[in-house]
Amino acid sequence: MKNIRVEKTDYLKGVITAPSSKSYTIRAIIAGSLGCGLKVVNPLFSEDTSAAVSALRKLGAKIEKGRDYLKISGFAGSPVSRGGVVNVGESGTLLRLILPLIALGKGSFTVTGRGTLLKRTNKPIAEALLSLGVDIQGKDEEYRLPIKIKADGSLPGGKVEVSGSISSQTVSALLLSGGLAKEDMEITVKDKLVSRPYVDITLDVLERAGIKVKRRGYQRFFIPAGQRFNFNNDFVVPGDYSSAAFLIAAACLVPSDVVIKGLFKDKQGDRGIIAILNRMGAGIRHSNNEVRIKGPFELKAADIDAGDTPDLAPLLTAVACLAKGRTRIYNIGHLAHKESNRLSVPAGELRKLGADIEIGRDSLIVRGAVLRPAKVSSRGDHRIAMSLAVIGLRIGGVVIEGAEAADKSYPGFIRDMRKLGAKIIACRDRL
């Protein structure tokens, strides 16, 4: 376990290129594998994307890793593996997106993982696949890992009704594989779909692959059968707002002159971090694919609907602790089913620093407070680790246990923060 101490930082200054998008990278790896091939340029190399590469190789894709690319020779819609174990690491995104794809193979497959993923429910995607005729079994009634699939080489199509109240990943999973089904597929979302921008990312990747999807908002999707994945160009992965959000927030809280490059105005919902922080009193500028922050800013409380941007919630909870007034973050009940319970766990760690947070069923109430140094834990959650580090830059003396959790999505987080001038010390160096 790697512990770090984050000291109060006087000034952040410099130019950083945003890490590549994890969401786009994983979807591009899957789409390239489902087709005849693809060159993915500027992919994110992290624990989750490495798990995606390993899993797709297991199913028969040939993936060559270069310095700044992945060259994929796909299996044209028919996984060549005849069963076996597919390990998805600790990536919930990969797990849900790959299950319908495995059904296209032939043989008995066991899907495994590790860490907090073993505790998470997979019931929505499993029930959707069961209704389509896929032979799928989980460890228990919540379809926790390991999951077993007996695949007969095809994914039945037809009409399928799904729940979107916990995650949008069920919809994305069926969209990615739906064009390869035996029959046309019609997906109906029977309740409110959360995290909708991630479906937009999926649809963006499918459009680039030549896959046709008809839609009625976020409630109904129709995918004609008999399609093929065919990319006309290399797939260039954009910068990741979900990860860059931590750099942006840090620059808003301490004296700074920071430029973050590679942030396009694309389909990522977490681009909303800029509008949210500006509404709270920041003066962030975004133009020419660059974000510039000259902090600090005196932030004030706001009401924040995070239903479509759940990955921002831990960071916004942390930032709200340093804002003046009462912040309400709502439409986040589904955060209980993430890497950790992202309602109670971030609140519990922030309270160790003196935070004033009330936890509701679907919301958090955060009152600005004077925070104090303390020892806290990432609880194995990458976004909690990085959120606590951001707070540490402002108050100093924050020791974070399990800081290596950040490697799941942003392996270069500590390196980039130090490059900007952050005082982050490995505890093994000074105790």
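By class, the lining of the second largest pocket comprises four nonpolar, one polar and six charged residues. Ala, Val, Leu, Ile, Met, Phe, Trp, Tyr, Cys and Pro count as nonpolar, Asp, Glu, Lys and Arg as charged, and the others, Gly among them, as polar. The model is predicted: local features need pLDDT of at least 70, side-chain atom pairs count only at pLDDT 80 or more, and totals for chains, interfaces and linings use all residues. Residues are numbered from 1 along each chain as its sequence is written, and side-chain values use heavy atoms, without hydrogens and water.

A pocket is an open set of points on a 1 Å grid over the protein atoms alone, where a 1.4 Å probe fits, with protein on both sides within 12 Å along at least five of seven lines; lining residues have an atom within 4 Å of a point. The second largest pocket holds about 220 Å³ of space. Its lining includes Asp-200, Leu-203, Gly-210 and Lys-267. Helix α6 (residues 196–208) gives the most to this lining, with five residues.

Thr-202 also lies in helix α6. Thr-202 touches Arg-27, Ser-172, Leu-175 and Leu-176, not counting residues up to four places away in sequence; contact means heavy atoms within 4.5 Å.

The largest pocket holds about 520 Å³. Of its 21 lining residues, Ala-18, Pro-19, Ser-20, Asn-42 and Arg-415 are the closest to the centre. The lining divides into ten nonpolar, six polar and five charged residues.

Terms used
Grid points are joined across faces, edges and corners, and a volume is the space filled by probe spheres set on the points. Helices (H or I, at least four residues) and strands (E, at least two) are DSSP runs, numbered from the N terminus.
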